[in-house]
Amino acid sequence: MTMTSEWVAALPKAELHIHIDGSLQAERMLQLAKKNNIDLPYGTVEEVDKAYQFKDLQSFLDLYYLGASVLREEADFYHLLMDYLLKCQENTIVHTEIMIEPQTYLANGIGFDIFMPGFKRAIVDAQSRWGISVLLILSLLKHTTEEECIEVLTMADGYPGDFVALGMASTEMGNPPEKFQRLFQLGRERGYRLQTHAGEEGSADVIWGSLRVMQAERIDHGVRCTDDPQLVDYLCSRQIPLTVCPLSNVRLRVFDKMADHNIIELLKKGILVTVNSDDPTYFGGFLNANYQALVDAFNLDKEDVLALVKNGFRASYLPEDRVQKFLDELDQMEAG
Ligand code: HPA
Ligand code: ZN
């Protein structure tokens, strides 16, 4: 079936892998830096664009944490999230599961009492304006200690019901899941769904470790699974979702070019792969740009795109009946 870019762009979609700090737009970053007297090595949007050339995950993370250092007041967090939720409207994202990383803010002396009210106010406003569905993920940082992560988990106890899942992000190399065994146990006891970044720069073994030690029910990235055919079979038979981020993977050199990406190979093998933007303002595109890059590189047809979009809802933390409602809507569009 033939399709247009407009058709892809207008499909109702879910996004499951988005770091809120990775959606900070350059104009907003510069404006907040000025307001909050934070020194940045760039003064214009052009200089920001020029600086965002990454050779690997760490070179990106350095600028990513620097960018987030401009966030200081409740209203800053409101605008950060509202800017992204507005982008959701432009990208027809009807459901989003957003990673919040408190340790980034705590390092700058900003507590839950500042950022949570800002985020929650944005969600209430966006829901009343657009009816968008939003879930939050408490994302802890692998480069920090387990004790620090447990401290943050305990702080989040003051916000019951606000986070649906516990996730892990940041530097994969040298920070295996075994480092966080007790944290995962505590997260499970609190009823959080469990997910983690794995198999982005790290090997298939990190994915295995995450499944065994964390009992992760969803893997962020996970693309290195193809190094181990047994792991591919396991992910397929259990239908463990991978939240894949095509533009991110090319910008961070996980794949040299989009045509080398393995997401379509994984889709054809029956793995529950989903398309996401990761850190859209750092990697050159929000969700629709990620879909379009795949359509262009792999000459995808409507069935392929719909399979990816449907997977986004299937892999979500939404209750079964809400998932089914979104899938039914997509089926009606397919028929129409
Ligand atoms: N990988 C690990 N940590 C991250 C990423 C990523 O792609 N983006 C933001 N934090
Ligand atoms: Zn990520």
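1. First, the housekeeping. Residues are numbered from 1 along each chain as its sequence is written, and chains are lettered from A and ligands numbered from 1 in the order in which they are written. Because the model is predicted, local features need pLDDT of at least 70 and side-chain atom pairs count only at pLDDT 80 or more, while totals for chains, interfaces and linings use all residues; side-chain values use heavy atoms, leaving out hydrogens and water.

2. Look at the zinc ion (ligand 2): H17 (NE2), H19 (NE2), H197 (NE2) and D278 (OD) coordinate it at 2.0 to 2.2 Å. Donors here are N, O and S atoms within 2.8 Å of the metal (3.2 Å for Na, K and Ca), and water is not among the atoms, so sites may look incomplete. Along the chain, the donors are spaced H-x1-H-x177-H-x80-D.

3. Two of those histidines are tucked away: H17 counts as buried at 0% relative accessibility, and H19 counts as buried at 4%. Buried means under 20% relative accessible area (1.4 Å probe, protein chains only).

4. Now ligand 1. The residues around it (a heavy atom within 4 Å) include H19, Y64, S170, H197, E200 and D278.

5. Check its polar contacts too (pairs of N or O atoms within 3.5 Å). A nitrogen atom of ligand 1 is 2.9 Å from a polar backbone atom of S170, and an oxygen atom of ligand 1 lies 2.8 Å from a polar side-chain atom of D278.

Notes: Buried < 20%, exposed > 50% of the residue type's maximum accessible area, 1.4 Å probe, protein only. Polar contact = N/O pair within 3.5 Å; in protein donor to acceptor, adjacent residues only side chain to side chain.
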